[in-house]
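Please look through the sequence and the model below before reading on. The report that follows is meant to be read with both in view.

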Amino acid sequence: MTVRIAIIGAGLMGADHAKIVAEDLPGASLQVICDMDADRARKVADAYSAHDVDSGPDRVAARPDVDAVIIASPDFTHAPLSLSCIRAGKRALCEKPLSQSSNECLQIMKAEEAAGSKFIMLGFMRRFDQSYVEMKRALAHGAIGRPLMMHNFHRNVATPASDFTGAMAITNSAPHEFDVVRHVLDTEYVSISAFQPKRSDALVAPVYMVLETADDQLVNIEINNNAAYGYDVRAELVGEKATIAMNAVNYTRVDRELGQSTSYEADWRGRYAEAYRRQNRAFVRFVETGVFPHIASSSWDGYCAARVAEAGVRALNDGRKIPVEMIAKPEFYA
Ligand code: INS
């Protein structure tokens, strides 16, 4: 059986998912592109030969010709659209964040529990990136000893919108690190502090965070949304016996005029191209089998990321360390 996928949101990520579904996703077909802007939906649908277009995001999940949904619309629509998928009994791959409000994440968890099954796989694609996979494996095999610290840099060329703020660095960009680090270390955070240097211009300055984990480890995260030079994500995991660091991903380098250079991607779609494909294949298997992929993020992980982000924004605003308080993990997500 072919999994007929509807994509909600025909912006940057919606178009990228459409390309992946159309070109790189065995077992799936691109059924519907949905966007409230009908012309935008039509453009993406034509580019990747989708069967149909729709301009009603709320009704797409219930369409009888749709088996599964990819939610790639603006952040604030993720939670209500996830709920509409659960109501329609359709599995969804929801772009991060699940919601910026942990209370909304709890509502989604309740809806899944009531439906008796997981429906939402969250698009924290970094879990599928080979570098984090190898870090997690190194830890599991004892290759670096007990983990003590994880350093993380997350740099974008420029903010996606001119009204981007330091708080949004924490709620929109940092959730990637919040999620993948707790996944690699297999722990939870207990506190967060956040700091910001001052830039000489009006652009958003980097946000620097320090988190403590329940296992007495330290995690630091630099989110620099206006790094200017390229899309650059780095991480190094420090253990008691050794460290493991991520290499920059480059297939080529240029040697020229007594120098050597490699290049950066302009954004995450290129850097994580393979991770997105692995993630989306795992999603199709989830739809086919009903078995939630063990490596993927669930609504619970979306709740955890939102809780940390909420504490992080308070830490930045109040200028002090804030405890990260979470509900106990429900049995349903164990
Ligand atoms: C995007 C996306 C990227 C991240 C950006 C964020 O929404 O999640 O992976 O690097 O900072 O704005």
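The structure is a predicted model, in which local features need pLDDT of at least 70 and side-chain atom pairs count only at pLDDT 80 or more, while totals for chains, interfaces and linings use all residues. Residues are numbered from 1 along each chain as its sequence is written.

**The whole chain**

The chain holds 11 helices and 15 strands, where helices (H or I, at least four residues) and strands (E, at least two) are DSSP runs numbered from the N terminus. Its radius of gyration is 20 Å, close to the 20 Å that the globule rule gives for 334 residues, so the chain is as compact as a globular protein of that length; the radius is taken over C-alpha atoms, and the rule is 2.2 Å times the number of residues to the power 0.38. Along the principal axes, the C-alpha trace spans about 55 × 55 × 45 Å. Two residues are in contact if their C-beta atoms, placed from the backbone, lie within 7 Å, and among contacts between residues at least 6 apart in sequence, 69% join residues at least 24 apart.

**The sheet**

Seven strands make up an open sheet with mixed pairing, in the order β12-β11-β7-β10-β9-β8-β15. Because β12 (243-245) and β15 (322-323) stand at the edges with a single partner strand each, one side of each is left without a neighbour in the sheet. Strands of a sheet pair through backbone hydrogen bonds, either parallel or antiparallel; here two strands count as paired if DSSP finds at least two bridges between them.

| Strands | Sense | Bridges |
|---|---|---|
| β7 (residues 147-155) and β10 (residues 218-224) | parallel | seven bridges |
| β7 and β11 (residues 232-239) | antiparallel | eight bridges |
| β11 and β12 | antiparallel | three bridges |

Met-150 stands opposite Val-219 in β10 and also opposite Leu-237 in β11. Glu-236 in β11 is the bridge partner of His-151, and Glu-236 also stands opposite Ala-245 in β12. With three residues between them, β11 and β12 form a hairpin.

Helix α7 (residues 166-173) lies across β7, β8 (189-195), β9 (207-213) and β10, and runs at about 50° to β9. Helix α11 (residues 299-318) packs on the sheet as well, touching β8, β9 and β15, and its direction makes about 40° with that of β8. Such axes are lines fitted to C-alpha atoms, for helices over the stretch in contact, and the angles run from 0 to 180 degrees between N-to-C directions.

**Leu-237**

Leaving aside neighbours within four places in sequence, its contacts include Met-135, Ile-144, Met-150 and Val-184. The C-alpha atoms of Leu-237 and Val-184 are separated by 9.4 Å, although the two residues are 53 residues apart along the chain.

**Around the ligand**

The ligand is surrounded by Asn-156, Pro-160, Asn-172, Ser-173, His-176, Asn-225 and Trp-268, a residue being near a molecule if its C-beta atom, placed from the backbone, lies within 6 Å of it. This shell divides into two nonpolar, five polar and no charged residues, where Ala, Val, Leu, Ile, Met, Phe, Trp, Tyr, Cys and Pro count as nonpolar, Asp, Glu, Lys and Arg as charged, and the others, Gly among them, as polar.
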